[in-house]
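User: I'm new to this one and would like a walk through it. Could we take it one question at a time?

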Amino acid sequence: MTTSPADSVDIGHVRAAAQLVSLPLSDSDATAVAALLSQWIPAATALSTRMQSADLDGLAPITAFVTPDALCPVHPSLEGSAP
């Protein structure tokens with residue numbers, strides 16, 4: 001996998017993001033986060049590109065996302081009552 005300059009994350013990017021959420025970050029932490037993101041972003045981009053290919057159109061996720069109602073059904077005695 002090749003990386004482009006657009007994929008790299010420098011310490012300035014990390015510091016700016018941390019400042020937006022008032023997160024104190026040491027120099028070593030900012031360096032570590034920048035290095036980690038610079039590795040993850042190209043891999044995420046490659047996966048995103050792969051998942052958009054036509055040969056995967058029929059692929060469906062194994063995880064079923066359900067509504068909260070399906071997770072917590074209404075007790076029969078409460079059916080029809082106002083929330």
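User: Which residue forms a salt bridge with Asp27?

Analyst: This is a predicted model, so read the distances as computed values. A salt bridge needs a side-chain nitrogen of Lys or Arg within 4 Å of a carboxyl oxygen of Asp or Glu. Here the closest N and O atoms are 2.2 Å apart, and the partner of Asp27 is Arg15.

User: Which helices does that pair link?

Analyst: The two residues sit 12 residues apart, in distant parts of the chain. Asp27 belongs to helix α2 and Arg15 to helix α1, so the link is between α2 and α1.

User: Is Asp27 buried or exposed?

Analyst: Exposed means over 50% relative accessible area, and buried means under 20%. Asp27 has 55%, so it counts as exposed. For Asp27, then, the word is exposed.

User: How many salt bridges are there in the whole structure?

Analyst: Besides the Asp27 pair with Arg15, Asp55 forms one with Arg50, where the closest N and O atoms are 3.2 Å apart. Asp55 is exposed at 57%, while Arg50 is partly exposed at 42%. A search of the whole structure gives a total of 2.

User: What pattern does the chain follow along the sequence?

Analyst: The secondary structure comes to 3 helices and 0 strands. Reading along the sequence, you get α-α-α.

User: Which residue's backbone nitrogen lies 2.8 Å from a polar atom of the Asp10 side chain?

Analyst: Asp10 lies in the segment before α1 and is partly exposed, with a relative accessible area of 41%. The backbone nitrogen at 2.8 Å from the Asp10 side chain belongs to His13.

User: Where does Val21 lie, and what is its relative accessible area?

Analyst: Val21 is in the loop between α1 (11–20) and α2 (27–51). Together with Leu20 and Leu23, Val21 forms a nonpolar patch on the surface, with about 350 Å² of accessible area together. Val21 itself is exposed, because its relative accessible area is 61%.

User: What share of the residues is buried?

Analyst: The chain exposes about 6900 Å², and carbon and sulfur atoms supply 65% of that area. Buried residues have under 20% relative accessible area. Of the 83 residues in the chain, the buried share is 12%.

Technical notes. Residues are numbered from 1 along each chain as its sequence is written. This is a predicted model: local features need pLDDT of at least 70, side-chain atom pairs count only at pLDDT 80 or more; totals for chains, interfaces and linings use all residues. Side-chain values use heavy atoms; hydrogens and water are left out. Patches are made of residues with over 30% relative accessible area and no salt bridge: like charges are joined within 9 Å, nonpolar side chains (Val, Leu, Ile, Met, Phe, Trp, Tyr) within 5 Å. Accessible areas come from the Shrake-Rupley method with a 1.4 Å probe; for residues, only the protein chains shown count as cover. Helices (H or I, at least four residues) and strands (E, at least two) are DSSP runs, numbered from the N terminus. Buried means under 20% relative accessible area, exposed over 50%, partly exposed in between (1.4 Å probe, protein chains only). A polar contact is a pair of N or O atoms within 3.5 Å; within protein, one must be able to donate a hydrogen and the other to accept it, and residues adjacent in sequence count only if both atoms are side-chain atoms.
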